[in-house]
Amino acid sequence: MEYTTANPMQSLTDAMTPKFAVSYLRVSTRGQAERGGGADEGFSIPAQREANKKKALSMGAMVGKEFVDRGTSAKSADRPELQKMLEYVKENADRIDYVIVHKVDRLARNRGDDVDIMRTLRECGIQLVSASESIDDTPAGMLLHGIMSSIAEFYSQNLANEVKKGLNEKVKGGGTPSRAPLGYLNIRRTDDKGREERTVILDEERAPLIKLAFEEYATGNWTVQDLAEHLAACGLTTRATPRIPSQPINKKSLNKILINPYYKGIVSYQGAEYEGTHPALTDADTWQQVQDILESHINGERTREHPHFLKGSVFCKNCGARMIVNYTKSHTGIRYPYFVCGGRHSKRTDCKQRAVLIADVERQVEQIYDRYSFPPQIASYLEDWLRQNIEKERDKYETELDGLRREKDKLERQRKKLLEAHYNDAIPLDLLKSEQQKIAKQLATIDHQTKAYDYTFTTIIERLDDAIELITDCGMTYRLANDKMKKLMNQAIFERLLIGSDGKVTAEFAEPFTMLVEPIKDEVAKYNTAENAEAREQMLTSFLSTIPNRLLNFFGKGWSKNFLVDLAGIEPASKPESHVLLLS
């Protein structure tokens, strides 16, 4: 500081007046801002603060204002605290002498941003000071500033390239390049040579519930909202963060889970898909079923205003529209529930179907169950016959299985070649994504067929056993069931229940019940409606002598491939251990 002889006291006063400095602190990652060192500050921020204060004291200045960007990159100047600082220095330029940073790269790692920030400081007459670098307004200091700024930009760009390169190699090997979604945990472990490995494992608490979410939604019996509430009641919660506590899963979070291909073993990175090494929580077939259901609900899911266990199972026989629930009030104020044709009600069709009392429909459905209940002798005979004939078909499908495996290997090679071509800039990203989607659908189809073949014969026998047990005396079972179980039984056994213009209810059976019931349904109905035990006994003797020819005529000389594959996927309603379990 120079002293003038004109007013030595004023010069001395100015020299003793402390300068005013603004301190700017920054760390790049939130982990740095949260790892030890006090609440939400880590170790780096306090170290920078201390260094800036010491620098200010060495220049006879005091830090009067501090701005801290926690977990923010310097690649862009669009940082909240930096922008606040620039506004502050503009408004208080007459009393600020310095802006102090720990290093130049704390302020900017982009030459363009550095120039803009320095222009603002110079226009305000404020000097930038680095606590660890010799930056000042001298030509040498400005040269060093320019060099350090260029080095910071180079470091930032080079680091980004190296990170991208490492992530590309990681996803090529099936690794997870980011934080794993809910149901998984990112862990670090060290091998026997001291090398650190970052990998993903299942979250033992949440993974079973995520798996359940896919299985349940694939049934088509849930809305996302209802399933989220159910999973929340089962204990599924989000992961806690330093700022947000763990919360029960909600509709928005569940929807993100259901559309994430990571859960079927696929890692998505920069628009491309890679086979992951992490354990899948659902198979490709179930995942695709979930996507199809979500797409069908693209206009939103609705909770029905008038729930009933027959809704969704009963249809108008005249126009094919669903029957919906409606209420009519009598002159005495009593409300009577009816099934009415949805097409007529909404005027989508010119159907003339009349309304039918729901109580009448319920009674007729019970009678259908009574009419087609299998007597134990017929059920046992049918089960043995089907088991023997299914066993004979085993060897015929080994050749088909080999063909499917070869086709899958071919598609896997195609997918690998596509990725290699993309890495070599031979095909653009949009074409890669399009081709990957086609291959993924083909692979999902093959996986479904292969899985069906793998399980076909054993699973068919199990499914048929369950189905036969379910329709053995199913009239009594249905009557004792609660509404939820009645709904499941109707969905499993019937494709549709049709209400005619005369109010009569008829049934179209679903697989595998069509296969079981169709060839012998007339005889079973006659048996169940016979007037006395003697008549039923005579009918049974005649029936058992003719049933082989009826079954052979129905099934022909063999079983079609599609029939067996589709049948293996059939899941009849869970059979109860006893009728008592069905009571509400």
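In helix α8, the residues Ala 207, Leu 209, Ile 210, Ala 213, Phe 214 and Tyr 217 are buried, where buried means under 20% relative accessible area, exposed over 50% and partly exposed in between, for a 1.4 Å probe and protein chains only. The model is a predicted one, in which local features need pLDDT of at least 70 and side-chain atom pairs count only at pLDDT 80 or more, whereas totals for chains, interfaces and linings use all residues. Residues are numbered from 1 along each chain as its sequence is written, and side-chain values use heavy atoms, with hydrogens and water left out.

The chain contains 22 helices and 14 strands, these being DSSP runs (H or I of at least four residues for helices, E of at least two for strands) numbered from the N terminus. Of the 584 residues in the chain, 39% are buried. Among the contacts between residues at least 6 apart in sequence, 65% join residues at least 24 apart, a contact being heavy atoms within 4.5 Å.

The buried residues of α8 (207-217) are covered by elements that include β6 (196-202), α9, α10 and α11. The axes of α8 and α10 lie 11 Å apart and the two helices pack at an angle of about 80°; axes are lines fitted to C-alpha atoms, for helices over the stretch in contact, and angles run from 0 to 180 degrees between N-to-C directions. The helices α8 and α10 are therefore roughly perpendicular to each other, given that angles of 65 to 115 degrees count as roughly perpendicular, those under 35 as roughly parallel, those over 145 as roughly antiparallel and the rest as oblique. Ile 210, Ala 213, Phe 214 and Tyr 217 of α8 make this contact with Leu 254, Ile 257 and Leu 258 of α10. By class, the contact of α8 with α10 has 7 nonpolar, no polar and no charged residues, where Ala, Val, Leu, Ile, Met, Phe, Trp, Tyr, Cys and Pro count as nonpolar, Asp, Glu, Lys and Arg as charged, and the others, Gly among them, as polar.

Helix α10 (residues 251-258) also packs against helix α9 (residues 224-234), the axes coming within 9 Å and crossing at roughly 100°, which makes α9 roughly perpendicular to α10. In this contact Val 224, Gln 225, Leu 227, Ala 228 and Leu 231 of α9 meet Lys 251, Leu 254, Asn 255 and Leu 258 of α10, and the residues of the contact of α9 with α10 divide into 6 nonpolar, 2 polar and 1 charged.

Within α9, Val 224, Leu 227, Ala 228 and Leu 231 are buried. They cover an arc of only 105° around the axis, which puts them on the same side of α9; the arc is that of the directions from the helix axis to the C-beta atoms. An α-helix has 3.6 residues a turn, so residues three or four places apart point the same way. The cover over the buried residues of α9 includes α8, α10 and α11 (284-296).

Just after α9, Gly 235 takes a positive phi of about 110°. Ile 249, in the loop between α9 and α10, counts as buried at 5% relative accessibility. Although Ile 249 and Gly 235 are 14 residues apart in sequence, their C-alpha atoms are 8.6 Å apart in space. Leaving aside neighbours within four places in sequence, Ile 249 is in contact with residues including Leu 182, Ala 228, Leu 231, Leu 254 and Ile 257.
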